[in-house]
Amino acid sequence: MESILVLTHADETGSTLTKASLEAVTAGKDLAARRGALLAIGMVAQNSAAAAATLNSSSARLLAVSGEAFAQPRYASDAAACEAVFRAAQATFVLAPESSRFARVMAGVAHRLGGCIDTHVTAISGAENVEATRWFYRQRVEAGLTRAARPWFLLLEPGTHAAFAGQPGEAQVEQVAVELPAPRTTVTGMRAPLANEQTIRPDAKLLFVAGAGWTKKQPDGQVHAKEAGELILGFLNASGASLGSSKSLVDQGSDGQPVLPFLTHLNQVGQTGATPRHAKGLATCCHGEEPHVVGWRFIGERRAISLDPNCGWTRGKADVVYVADAFQVMRRVNELLELKKQLPAPSS
Amino acid sequence: MTNSLHIVVCAGVVPDPLQTLEPVTGASGPGIKNEMVLPAVLDPWAASALCEAAHLIANNPESKLWLVLLGPKAKLQQVMMTVAQKVKFELVAIDGPIGGFADAHATAAALADAVNSIAGLDRSKFLLFGGWESASRGAGVTLQLVGERLGVTDQFQGVDRIELREDGSFEVLERVEGGKHQVSVCAGAPAVLGWATGNLPEPKNNPQIGMTNMRSIMPALQKAKTAALDGNGPRYVSVCLPKQQRTTRVVKDLAPDAIAQELVEWMGGQ
Ligand SMILES: Cc1cc2nc3c(=O)[nH]c(=O)nc-3n(C[C@H](O)[C@H](O)[C@H](O)COP(=O)(O)OP(=O)(O)OC[C@H]3O[C@@H](n4cnc5c(N)ncnc54)[C@H](O)[C@@H]3O)c2cc1C
C-alpha cells in the first residue's frame, strides 16, 4: 500500500514539535485520506518521545531520529536524519514544513533519494493526480503543477493549514538509527539584531510597514527621524504589531542617510525581502511600488497612509488609502491606544 | 590574516522587478510574455553573493572568483554590461533558457557540470556562493542541489554574514524565523552559502574593472555551452496572475483624529 510521509522537527526546546510541523501533519492526513494511503510521521528532535506526545492520536506510524546531535539545525546531520527516516518509511510523497531548518536541507535529501522537490507550496489538491500550488516571480504569478517523478517532496508554507491538535498521550515511536559524518559545523547560538527591540513578530495580527517617507524632509523642510522612531516604536509597543519596512528605508543606513536604528534588512518586505503572513497590514510613508507590494501577497486587509494621493497603494493594492500625514495620524493612534489600555475592558 | 579562497558564484538573470509581468503558455510550456525583450538584471540575491565574494577575495590574496551564469546568451551579454563594471571575476557562461518555470533539478545539474569543468578549482579552498532564492522560481533549492551534486555537505542558506578566521574556519549568520540569525561555526571550505542581502552596499561602477573583465567575458560568452534543461520536470496545470485586484477607497480631507479613530477600530483587539 502507498505510504505518505510527513517530516517534522522540534523547536528550540528539542521536545515540542513546531506549529508549522503540525500544520504539515494536517496536510499529510488530508492527502493520505484522499489517496487511501498509509500515513507515517517522521520526527527530528533531541527528545522525540516528548515531541511525539502531540501525535498520539494521529493514527500514523511514528518514526524518529533522536539525540543530542539533532538539537542543532544544521545541514549534515539534518539531511542524514531525514534521509534515514525516508529509507525506513519508503513513501511516494513527502510533506514537510517550509521552516528555515527544513528549507536548508530538503532539496539535498530529495536529490539523495532520487526524488524531486517543490517548495513554498500553498495548497495540495487532487487525489489521483496530485497538484501543488505555488508562486513564481516573487509572488507575482501563481501556478498549479504536477510531477510524475517519485518521491515528490513538498515543503508547505506555514499558515496554509490548521495545526494538527490531537489528544496528547504516550505514543509508540520507532527509533531510526543514523550514521553521521564527522561534524564540521557547530551551531553556537541565535542572534537577534537588537536584543532589546524584538520588532519582527510572525504571530502578530497586524503588520506595520514603515517606508522611507518617515526619514525624508517633511512639509516644514526638516527631517524628523528621531520623532519617527519614537512614534513607530510607541505604536509597536502599544499594538503588538510586527514591523516591516521598505527597501529604501533599510538601505539608508548604508547610504549614510538618517536611519531608524532598530531597522535591519530582516525587516524588509518585498521582492528582495520577506513575504510575511498577517491578517492585516498598515503601510505608512511608503509609496507602494510593485517590488515592495509583492511582499504583501499574504496580507489580508490592507490600509495605507501616504501624503501622495497617486501612490501605488491607490491602484488596487490596498483596501483603504488615507491621504494624510502619518506623523499626525500615528501620534493620535498611539494616544488612542494608550487611552484604550487605561479603560476597563468592556464586560461581556 | 589571509586565507586563500576559490569562490564560485552561481547566478541567473531575471526581469527587472519594476516591469509588469504577464504569463503566457507556449509550445514549450509556460513563460513570461516578451521575457526575452524585458530589461533584465542579475538575480538580486545572487548579486549580493557576488558582492560579498568580491569583498572576501579582495581581503584574501591569492584567492580567485568565478561567476557561473546561466541564461540565454543575448541576455547574459546585456546583464554583463553593468555587472562587469562592479567587481572583478572570471565568467563561465551557460547558454540556457530564461525564466522561473524551468526545473531546478535540471538547472542544478547544468550548474554542477559547469563548476566541475572549471580548471584549477581547488576543492580545499572552494566556497559555492549564490542567492538563497531566485527572483524567478524563488524555490531556494538550486544551490543546495548543486552542493549535493558536488558532495558538499556544509551548507548555509539565507546568509547575511561570513567572518573568516585565521585557521580557515568561519562563522556564518543565517536568517531563521522571527527576525533572528542562527550563528554557526564551520571548520572551513568546502561549503555552500546561499546569500540573502548580506551587509555590503552595491559596489559603484568602475570602468577600469569593466575593461579588464570584458577581455575575458566576450570569449567566455562565445564558448558558452548550451544546456537543454529538459528531463523529469514539472507539468504545469495552470499559470495565472493573482485574481485579487482590490477596490481602493481613497480617503482625502479626513482629519488625522478621525483617521486615527477609524484605524484603531479597524485594528480591533490586537
Ligand atoms: C532589484 C530590486 C529589488 C527591490 N526589492 C524591494 C523590496 O524587497 N522591498 C521594497 O520595499 N522595495 C524594493 N525595491 C525598491 C522599490 O522599487 C522602491 O524603490 C521602494 O519600495 C520605495 O520605498 P518607499 O516607498 O518607502 O520610498 P519612497 O518611494 O521614497 O516613498 C516614500 C513615500 O512616503 C510618502 N511620505 C513622505 N512623508 C510622509 C508623511 N509625513 N506621511 C505620509 N506619507 C509620507 C511619500 O509621499 C512617498 O509616497 C526593489 C527595487 C529593485 C530595483
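## Charges of chain B

In this predicted model, chain B carries 23 positive and 27 negative side chains, and the centres of the two sets lie 7 Å apart. Lys and Arg count as positive and Asp and Glu as negative, while His and the chain ends are not counted. The place of a charge is NZ of Lys, CZ of Arg, CG of Asp or CD of Glu.

## Fold and surface of chain B

Chain B has 6 helices and 14 strands, taken as DSSP runs of H or I with at least four residues and of E with at least two, numbered from the N terminus. Its C-alpha atoms fill a box of roughly 65 × 50 × 40 Å along the principal axes. Among contacts (heavy atoms within 4.5 Å) with a separation of 6 or more, 74% join residues 24 or more positions apart.

Of the 270 residues in chain B, 57% are buried, meaning under 20% relative accessible area with a 1.4 Å probe and protein chains only. The accessible surface (Shrake-Rupley method, 1.4 Å probe) is about 11600 Å², and carbon and sulfur atoms contribute 51% of this area.

## Cysteines

Over all chains there are 0 disulfides, a disulfide being a pair of cysteine sulfur atoms within 2.5 Å. The sulfur of Cys82(A) is 16 Å from the closest cysteine sulfur, that of Cys116(A), which is too far for a bond. Cys82(A) is buried at 0% relative accessibility; Cys116(A) is also buried, at 4%.

## Conventions

Residues are numbered from 1 along each chain as its sequence is written, with chains lettered from A and ligands numbered from 1 in the order in which they are written. Local features need pLDDT of at least 70, side-chain atom pairs count only at pLDDT 80 or more, and totals for chains, interfaces and linings use all residues, while side-chain values use heavy atoms, leaving out hydrogens and water.

Methods:
Buried means under 20% relative accessible area, exposed over 50%, partly exposed in between (1.4 Å probe, protein chains only).
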